[in-house]
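Subject: Two-chain model, handover and findings

Hello,

Here is the structure for you to look over. My notes follow below it.

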Amino acid sequence: MHCVRTVTDNLYWVGANDHRLALFENIHPIPKGVSYNAYLLLDKKSVLFDTVDWSVCRQLMENVEYLLEGKALDYLVINHMEPDHGACIEEILLRYPKVKVISTEKAFMFMRQFGFHVDGHECIEVKEGDTFTFGDHTVTFVGAPMVHWPEAMVTFDVTNGVLFSADAFGSFIALDGKLFADEVNFDRDWIDEARRYLTNIVGKYGPHIQLLLKKAGGILDQIKYICPLHGPVWRKDLGYFVEKYDKWSRYEPEVKGVMIAYASMYGNTEAAAQALASKLCEKGVTDVAVYDVSNTHVSYLISETFKYSHIVLASVTYNLGIYPVMKSYLEDMKALNLQNRTFAIIENGSWACKSGDLMEKFIDEELKNMTVLNERLSLASALHADKAIELDNLANALVESLNEQA
Amino acid sequence: MLFQTTPAHEELRAKIRAFAEEEIKPIAFQLDQNNEFPDDVVRKMGQMGFMGIPYPKEYGGAGLDALSYAIAVEELSRVDGGVGVILSAHVSLGSWPIFAFGTEEQKQKYLAPLARGEKIGAFGLTEPNAGSDAGGTETTAVLKGDHYILNGGKIFITNAPKADTYVVFAVTTPDIGTRGISAFIVEKGWKGFYFGDHYDKLGIRSSSTAELIFDNVEVPKENLLGKEGEGFKIAMATLDGGRIGIASQALGIAQGAYENAVEYAKERIQFGKPIGFQQTISFKLADMATKLRCARFLVYSAAELKENHVPYGMESAMAKMYASDIALEVTNDALQIFGGAGYMKGMEVERAYRDAKITTIYEGTNEIQRVVISSHIMGKPPKSESGSSSRPKKPAPITGVRKKMILRDGGPAEQVAALVEHLKKDGHDFTVGIPVDTPIAQAERVVSAGKGIGDEENMILIEDLARAAGAAVGSSRPVAETLKYVPLNRYVGMSGQKFTGNLYIACGISGAVQHLKGIKDASTIVAINKNPGAAIFKNCDYGIVGEVEEILPLLTAALDTGEKQPAPPMVKMKRPRPPKEEPIGKRYVCGGCGYEYVPELGDPDGEIAAGTLFEKLPEDWVCPECAEAKDQFIEA
């Protein structure tokens, strides 16, 4: 049976939810599921904006069929060709042989690469600034290259102020009935997953998000709805989410606080991390988050690293190097272009302690615009009372640095 | 486009020319003869608003453009090259870095009186071992609490000692070349700031030039100009603009000599007609006028570029180089036209001939100008092992950048005396001290024993020295662990106690890596060891090569001030952190794939040399990963 919701007059959500998928992009855990959003506009002509993942193709077809009431689909607009949205193009083409496809040059190239037979259909290639009228509704197309694929565009309906924003402004978590961000407690229940989605999927492309935000800035007062390809539709308090995007894409921390990420084999490094966390709280810094890198998926670590201003890395030495899981976390920071953070280091080694120097070198040489505090806590196997002053110095340095940036 | 100055420019020129003719010309010979600075003239220039021509009115300036300033220097130099450089050094060198890099407070406090002409400015970069290569700068500034301690000296400083404020460059982070240099605003009259003799120069004798001497001058932290490590950048940016001033000066000197020669060529009659109508002289005049026109266009165009915030470093170097090269030729020809009469003292062409020479030398010799120009054409040369001192030549030692001053002069007594003098100069106060059993991690000072101390009875030398130096006792790991001379909690090292205080005196310590890591945050490290090859010497600030039995008692005696006062809470002396290398240009990201173009790396596959700025990439260059065109890139 169909499962649709009304976005606004003549515009319907025709997507679907997925709770069975364990790993988004086969890499990021999504314990609360995800939604694949597609939208159908019923104007003089009917227009489907994007499709969904293959796993929920049948639901999309039922939804579209129900709303079309036996008529044919006139247009298919493809904003983003990644298969979690583009997978059902072929099925649409087969079911609606006269459908005309509107997309960018690169997206058409990708469709052919993925094996969709668009060439028997009218393909309307659009570029930045082109407009198209479906009856009462006129849309304009805006390029969004590298947010987060090169072919991506967003489509703005100038008639009703709906922005089809592709992967921008998306989020993990299945909608489960709710459609609008104001139907959930977004800041309490969704923001962490929205951040994890953005930072891990699009984090590397901050400058391109900034470019898109700049373009959107010009028409911000005309945007009434943001319809992303994952997560809820925004129709109230758009500024809240736009501001978050601005921060994340400029690599500015959201929270002045300390994230402690530790790599511990037998609990000794963990104990030092915990001791530091307590020390910080004793000194009044209570915005402290502690993570075990071995037992936390790196996508969560990255998300938290985008959130906090200060990061403490505590790592054992492993094969004369950085503990592999910690190393992989650092590599992800580099891949996702994270910048502008202050780091502190706790190192541990029972015979030749190398992890501190190596982590500092990586931060200095591989990451951009990072500061590493001088005060380092070095452990030989375990934290003992003789290191109390070093621990205290480290905590003080963090407090001082937090206050400096206040 | 007519390549002409505006009526406003010509009005200003007329005003300054009248001033120069009336106020300077009559006394120019006297100033030259007596090596005399024209205090009254400079005061009047201030009152007439000449001293702040290119600065905004809100900072006391005249709010005019760079070209107006160039015209002012040209017109003054036309009459007296010395007065021309007084204005040039004041505006371009003494004031501009404050205007461009100063905080609002610094601008109000220092730029405004300079621009109003109430104070005179100067610029101190050149040193005996640092001229064209600023990386050789030896003047140092050490941060201590709320001020820097400035030591060293500068030579050939224009406007010294007349100037009231000096923009001075000093090393804040040693051993890392130009990236360790910072700029400071220093006031005349501060304790320890002296001047050497006024130099006796070939030309520009009406300008004052002297040596600056800094002996423990306390410079308040707020007088740091820009950030630490930005000194070289500030100096280079200043000199970019300063070249326009010197080019204008050269142009003015040559113009004055040329006009004198034309006049003389019309008056002097030989073979029945004015010599100016003899082809040999008329051709000379034609050449002189052509060179002057070329030089003027180069100078004015560089000034216009600067005014319009278009990159002008290469153009100002071309203007300075060409104008000064032809100034020598034009003044030489002018003197030749005068013949024997021109060779006499008191003749303006004779003075111009001498005045012109300096313009090919100062604010970057013309050889350096050619380096600047060619580097704009060719970009950075491929990296090589030797070359510029702006890059560190070797990796910093484990303890970071250190002075590594090994005291070798004289015998042990002299070496110890020199050490104590250095330590006191650095701000260590030996009238106060801490108990010898202060925990290492809390100690401000530690005297530490290594295996080189020998028998256990020698530990008394360490304890005596610790008491005399007001320090706690520490040791290397083997001295505590194997020899058991001290308890285990007193060994210093990465696995033991870390010393982060101000003074660490390592006695008989060879410098194992794990020990050095434990003292890398020490402000000052002193090494005493009989083995000159010991690693500790590469990781120390001061070192004495000698037997501990001999050096330690001498040092104890030298530091012993009787009963120590309890030390006040420690003020940590700041350890310089090697600043990161500044990017040479902006990075750009491809809109087709996210590839980031890094100018430091270039694009080897596309045969783009490392060091090529994105802006300088050929138009047909494409992304090496996805072949998108250059215009698909955005700033990272």
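Residues are numbered from 1 along each chain as its sequence is written, while chains are lettered from A and ligands numbered from 1 in the order in which they are written.

Confidence

The model scores ipTM 0.81 and pTM 0.62. For chain B the mean pLDDT is 91 (pLDDT is the predictor's confidence in each residue, from 0 to 100). In chain B, 96% of the residues reach 70 or more. Residues 384-394 of chain B have pLDDT below 50. Beyond near neighbours in sequence, that stretch has 13 contacts in the model (a contact means C-beta atoms, placed from the backbone, within 7 Å). Where pLDDT is low, the predicted coordinates should not be read in detail.

Chain B overall

Chain B has 15 helices and 21 strands. These are DSSP runs numbered from the N terminus: helices are H or I with at least four residues, strands E with at least two. Of the 636 residues in chain B, 50% are buried. Buried means 20 or more other C-beta atoms within 10 Å of the residue's own, exposed means 12 or fewer, and partly exposed lies in between, with C-beta atoms placed from the backbone. Take the contacts in chain B between residues at least 6 apart in sequence: 71% join residues at least 24 apart.

The sheet

Six strands of chain B form an open sheet, in the order β11-β17-β16-β15-β13-β14, with parallel pairing. Two strands pair if DSSP finds at least two bridges between them. β11 (405-406) and β14 (472-475) of chain B are the edges; each has a single partner strand, so one side of each lacks a neighbour in the sheet. Inside the sheet, β15 (503-507) and β16 (524-529) of chain B pair in the parallel sense over five bridges. B:C507 has B:I528 as its bridge partner in β16(B).

Two helices lie across these strands. Helix α11 (412-425) of chain B lies across β16 and β17 (542-545), at about 170 degrees to β17(B). Helix α12 (459-469) of chain B lies across β13 (445-449), β14 and β15, at about 170 degrees to β13(B). Axes are lines fitted to C-alpha atoms, for helices over the stretch in contact, and angles run from 0 to 180 degrees between N-to-C directions.

A helix pair

The axes of α8 (313-338) and α10 (366-378) of chain B come within 9 Å and cross at roughly 145 degrees. Residues making this contact include B:M314 and B:M318 of α8(B), and B:V372 and B:I373 of α10(B).

Chain A to chain B

The contact takes 15 residues from chain A and 17 residues from chain B. On the chain A side, α6 (206-217) and α12 (388-404) of chain A are the elements giving two or more residues. The largest share, three residues, comes from α6(A).

One residue in chain A

A:N268 lies in helix α8 (268-282) of chain A. A:N268 counts as partly exposed because it has 17 C-beta neighbours inside 10 Å. Its C-alpha is 7.0 Å from that of A:L383, 115 residues apart along the chain. Leaving aside neighbours within four places in sequence, A:N268 contacts A:N348, A:L379, A:S381, A:A382 and A:L383.

Best regards

How values were computed:
This is a predicted model: local features need pLDDT of at least 70, side-chain atom pairs count only at pLDDT 80 or more; totals for chains, interfaces and linings use all residues.
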